[in-house]
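Thank you all for coming. I would like to walk you through one structure this morning, so please have the sequence and the model open as we go.

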Amino acid sequence: MSIASEIKRIKSELPQGVHLVAVSKFHPAEAVMEAYNAGQRIFGESRPQEFAAKCKVLPEDIQWHFIGHLQTNKLKLVLPYVSMVQSVDSKRLLDAINAWGVKEGRRVNILLELHLGAEETKQGFTAEEINDILADAGNCQGVFFRGLMGMATNTDDEAVIRADFQRIAALYNKLRDTYPELAEFTALSIGMSHDYRIALDYNPAYVRIGTAIFGPRVY
């Protein structure tokens, strides 16, 4: 199957209002162009140097989402060019992005990454930490809090995956009810190549799909 045909197939499965983030990390600019020519406009990257090189040679109307762990010393490679940072996973990173936005006179669109605790290697905030951050959102003038990002446990057990997505979606809905003044808090990003069909039952705004579109990593 070609990249173009996979883009078409996946988009045909997505309900209205669900946006495909084509995860292009580890794949060359030529592969991104093939997806672009098939109508895809949102792409996800996770390595700052790779991202910085790609965005210079690819069309300017691409909406780049950064979806990996972002070190604070790499912000200048990423923030000037991204539409959204989906993976804000620490208070230190949040503060650094906010400071950059204030300095540049911009507001960076971000998602807060929820850590479910099932896998110790994953980054992210607890539900309590996210609540505390949003309670203080008025003091963050360099970012827009757009919503939550999360990952289900890496398992073949659908019941476990569903339970994880349910927890993420329940927190997202609770936060929307708790902080109605955050009108821009409207996005839930869940679901990857192996579990996005399950994620669709929990009303995401974004699904992040790489391998199913581009195949195994190239780099």
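This is a predicted model: local features need pLDDT of at least 70, side-chain atom pairs count only at pLDDT 80 or more; totals for chains, interfaces and linings use all residues.

**Around helix α3**

Let me begin with helix α3, whose buried residues pack against α2, β2 (42-45), β3 (63-66) and α4 (75-78), where contact means heavy atoms within 4.5 Å. Those buried residues are Pro 48, Glu 50, Phe 51, Ala 52, Lys 54 and Cys 55, and helix α3 itself covers residues 48-57. By buried I mean under 20% relative accessible area, with exposed over 50% and partly exposed in between, using a 1.4 Å probe and protein chains only. The helices (H or I, at least four residues) and strands (E, at least two) are DSSP runs, numbered from the N terminus.

Residues are numbered from 1 along each chain as its sequence is written, and side-chain values use heavy atoms, with hydrogens and water left out.

How do helix α1 and helix α2 pack, and at what angle? Helix α1 (residues 3-13) and helix α2 (residues 29-37) meet at an angle of about 50 degrees, and their axes are 8 Å apart; the axes are lines fitted to C-alpha atoms, for helices over the stretch in contact, and angles run from 0 to 180 degrees between N-to-C directions. That angle makes α1 oblique to α2, given that angles under 35 degrees count as roughly parallel, over 145 as roughly antiparallel, 65 to 115 as roughly perpendicular and the rest as oblique. On the α1 side the contact is made by Ile 3, Ala 4 and Ile 7, and on the α2 side by Ala 31, Glu 34 and Ala 35. Sorted by class, the contact of α1 with α2 has five nonpolar residues, no polar ones and one charged residue; here Ala, Val, Leu, Ile, Met, Phe, Trp, Tyr, Cys and Pro count as nonpolar, Asp, Glu, Lys and Arg as charged, and the others, Gly among them, as polar.

Not counting residues up to four places away in sequence, Ile 213 touches Ile 3, Glu 6, Ile 7, Ile 10, Leu 20 and Ala 22.

**The nonpolar cores**

In soluble globular proteins, nonpolar side chains tend to be buried together. A nonpolar core, as I use the term, is a set of buried Ala, Val, Leu, Ile, Met, Phe, Trp, Tyr and Cys residues joined through side-chain atoms within 4.5 Å. The largest one in this model has 66 residues, and those with the most contacts inside it are Ile 97, Ile 110, Leu 112 and Phe 145. Its largest share, seven residues, comes from helix α7 (residues 158-178). If we leave aside neighbours within four places in sequence, the residues in contact with Ile 110 include Met 84, Val 85, Val 88, Leu 94, Ile 97 and Phe 145. Apart from this core lies another, of eight residues, among them Val 21, Leu 111, Ala 187 and Ala 205.

**Some loop residues**

Finally, which residues have a positive phi without being glycine? Phe 26 has a phi of about 70 degrees, lies in the loop between β1 (19-23) and α2, and is buried, with a relative accessible area of 11%. Asn 203 has a positive phi of about 55 degrees and is placed in the loop between α8 (196-199) and β8 (206-209), but at 64% relative accessibility Asn 203 counts as exposed.

In the loop between β6 (143-149) and α7 we find Ala 152, which counts as buried at 3% relative accessibility. The C-alpha atoms of Ala 152 and His 115 are separated by 9.5 Å, although these residues are 37 apart along the chain. Met 151 also belongs to the loop between β6 and α7, yet at 24% relative accessibility Met 151 counts as partly exposed.
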